[in-house]
Amino acid sequence: MAELKELKVRYIIVHESVFSSWLKDAGSLGSLAGLIYVNHQFGNGSAVVDGVGALLLIAFLIAKATAMTRYRLGARADGEDAS
């Protein structure tokens, strides 16, 4: 049998400033708002596009809430306790 090589796990930790986080969030929400605006302006307000926009908004909010909860609880990317 061939030997199993030990796999090394590497983590990439990105340090993001508050301003860049807000800017990224504003871009995401602005894109969703733009989708709805273009839909009503040029697409006669298709209900399907509105539904997709609403689902994307809900997914964005859930992801943001999950990330904020994980941050508040002190979870670290390397799996160690924050204490």
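Begin by selecting Ser-21, which lies in helix 1, where helices are DSSP runs (H or I, at least four residues) numbered from the N terminus. What you have open is a predicted model, in which local features need pLDDT of at least 70 and side-chain atom pairs count only at pLDDT 80 or more, while totals for chains, interfaces and linings use all residues. Residues are numbered from 1 along each chain as its sequence is written, and side-chain values use heavy atoms, with hydrogens and water left out.

Ser-21 is buried, with a relative accessible area of 15%; buried means under 20%, exposed over 50%, and partly exposed in between (1.4 Å probe, protein chains only). Apart from neighbours within four places in sequence, Ser-21 is in contact with Glu-16 and Lys-64, contact being heavy atoms within 4.5 Å.

Next, select Lys-64 together with Asp-25, whose side chains meet in a salt bridge at 2.9 Å, N to O (a side-chain nitrogen of Lys or Arg within 4 Å of a carboxyl oxygen of Asp or Glu). Lys-64 lies in helix 2 (residues 47-72) and Asp-25 in helix 1, so the pair ties together parts that are 39 residues apart in sequence. Lys-64 is partly exposed, at 26% relative accessible area, whereas Asp-25 counts as buried at 14%. A search of the whole structure finds 1 salt bridge.

Finally, move to Tyr-11, placed in the segment before helix 1 (18-42).

Notes
Helix = DSSP H or I, 4+ residues; strand = E, 2+ residues; numbered from the N terminus.
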